[in-house]
Amino acid sequence: MNLPDDLLYTKDHEWVRVEGDIAFIGITDFAQGELGDIVYVEVETVGDTLDAEEVFGSVEAVKTVSDLFMPVGGEVLEVNEGIESAPESVNSDPYGDGWIVKIRITDVSELDGLLPAEAYKAEIGG
Amino acid sequence: MKSTALTHVHEALGAKMVPFAGYNMPVSYAGIKEEHQAVRNSVGVFDVSHMGEFILKGERALELVQKITSNDASRLTEWKVQYSYFPNETGGIIDDLLVYKLDGDAYMLVVNASNIEKDWEWLVVNNTMGVELHNISDKTTLLAVQGPKAAEVLQGLTAIDLAEMKYYTSEKGVFAGAENVLISATGYTGAGGFELYFENEHAELIWNSIFEAGKARDIQPAGLGARDTLRLEMGFCLYGNDIDDSTSPLAAGLGWITKFSKEFINSANLLKEKENGTQRKLVGFELIERGIPRQDYMIVDGNGKEIGTVTSGTMSPSLNKAIGMGYIDVSSAVVDSEIFIVIRDKKVLSKVVKLPFYKSN
């Protein structure tokens, strides 16, 4: 299971790459494997400021649809345009080309509530 | 939870397993899209042993089949196969099934896994004519070998001339050295191919022989996920999604297997319903705006008025379009009519299309 050490994770199987008060968010390798072939990622919250745990979009796989939750509160700045035309990159490169949104974090202290790689690994039974 | 004779093989292959109708079943191996394309373009193998098989024997077996099924089984000659359904007494469908005319006066009914118990009870209750009944579901393995290259892959394993077999016929013979294998030119994928019924003890031998024979043609194991996208591209109904105990077979487009040339359970009411017409109808639709339809999503017209419900939906791997089926008011159930699927509170523009979605060349 690929779990980069430099990322933070959530129990909803998302990852967060923090750069100052900016964060990139995607779904974990475990999550993409569970969902199977991803065919569409819908994010219609660009420009919105949302609280932690609020839904910012959804991931559609062939068989299922799954909500995407804000790991921390923030403003949704940008959605990855690459996954518009190539949603399969969420499967093939979940931590790289498959990133989903970029946000501006409202309160960086909320990051304390996220899981480091080891703790997330334990969460998924790794 | 029940296993099939091949569950351990699927697990060893790294399949993603899910509970389905009480069985531990493979939903995918390499990925739904890849398995789907293998079946459309080459050949894929599905373990569908969870399905149920009942044998009916005796002079009055045909009489029982005619009473409980909607299609006309008297038209079947030996080894011919027919798609049919069990109507209930209240206008709905107990199950959809295949009826096989075996040798002599015997028939085989092949039913959905989730309905085996319900169907068996229905069969027993209606067997007022003393037909000998056997439920061979637990000891029968069923493999669906589907795709344009199925015949060439399987031909080396049997003396039966597979290319000569007509759609919806079957033959019994030796396959991969195993005796009494029922080879049936049927399937629910629209890709052509065969279904093989045999006793569990031959399961591994036959599975391995098929994969050995198919190596050069990129044969792949395929799971329930691809089975669902393949059947939906053809507009085939799935019990539990598109049809159930409360859906009208006529609204579901199953009029073609509802034969009023004979009497059967609820036939008088169904005939009345046919004459009066149904209020809603099962149609296929594709999304024009982005989104993916899912079971139970609401269908509305341009004014936001509810006109129906989605029963199946997916992203079609062959067409790369979001497609679905659902029941809508007959006034909107015309090809090219604009409808809207409500996806997360948003109206997504869609249009009614002709079935099947996918047309093979």
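User: Is B:Asn266 buried or exposed?

Analyst: B:Asn266 is buried, because its relative accessibility is 13%; buried means under 20% relative accessible area, exposed over 50% and partly exposed in between, with a 1.4 Å probe and protein chains only. This is a predicted model, in which local features need pLDDT of at least 70, side-chain atom pairs count only at pLDDT 80 or more, and totals for chains, interfaces and linings use all residues. Residues are numbered from 1 along each chain as its sequence is written, chains are lettered from A and ligands numbered from 1 in the order in which they are written, and side-chain values use heavy atoms, with hydrogens and water left out.

User: Where is B:Asn266, and what is its phi?

Analyst: B:Asn266 is in the loop between helix 7 (224-233) and helix 8 (267-276) of chain B. Its phi is near 70°, a positive value in a residue other than glycine. Most residues other than glycine have a negative phi. Helices (H or I, at least four residues) and strands (E, at least two) are DSSP runs, numbered from the N terminus.

User: And B:Asp218, which has a positive phi: where does it lie, and is it buried or exposed?

Analyst: B:Asp218, with phi of about 55°, is found in the loop between helix 6 and strand 13 of chain B. B:Asp218 is exposed, at a relative accessible area of 57%.

User: Which residues of helix 6 of chain B are buried?

Analyst: The buried ones are B:Ala203, B:Ile206, B:Trp207, B:Ser209, B:Ile210, B:Phe211 and B:Gly214. The length of helix 6 (residues 203-214) of chain B agrees with expectation, because twelve residues at 1.5 Å a residue should span 16 Å and the end C-alpha atoms are 17 Å apart. The expected span is 1.5 Å times one less than the number of residues.

User: Turning to the sheets, what is the strand order in the open sheet of six strands?

Analyst: The order is 10-11-12-9-3-13 (chain B), with mixed pairing; two strands pair if DSSP finds at least two bridges between them. Strand 10 (170-175) and strand 13 (220-221) of chain B are at the edges with a single partner strand each, so one side of each has no neighbour in the sheet.

User: How many bridges join strand 10 and strand 11 of chain B?

Analyst: Strand 10 and strand 11 (residues 178-184) of chain B are antiparallel and share five bridges. B:Phe175 has B:Ala178 of strand 11 as its bridge partner.

User: What is the order of the five strands in the other open sheet?

Analyst: That order is 5-6-7-4-8 (chain B), with antiparallel pairing. Strand 5 (81-87) and strand 8 (132-135) of chain B form its edges; each has a single partner strand, so one side is left without a neighbour in the sheet. Within this sheet, strand 6 (residues 93-101) and strand 7 (residues 107-111) of chain B pair over five bridges, and B:Lys101 is the bridge partner of B:Tyr107.

User: Where is the cis peptide bond?

Analyst: The cis bond joins B:Leu355 and B:Pro356, with omega about 0°. B:Pro356 lies in the segment after strand 19 (346-353) of chain B.

User: Finally, how is chain B divided into domains?

Analyst: Chain B has domain 1 (1-276) and domain 2 (279-353), with bounds from an automatic or database domain assignment. Their C-alpha centres lie 28 Å apart.
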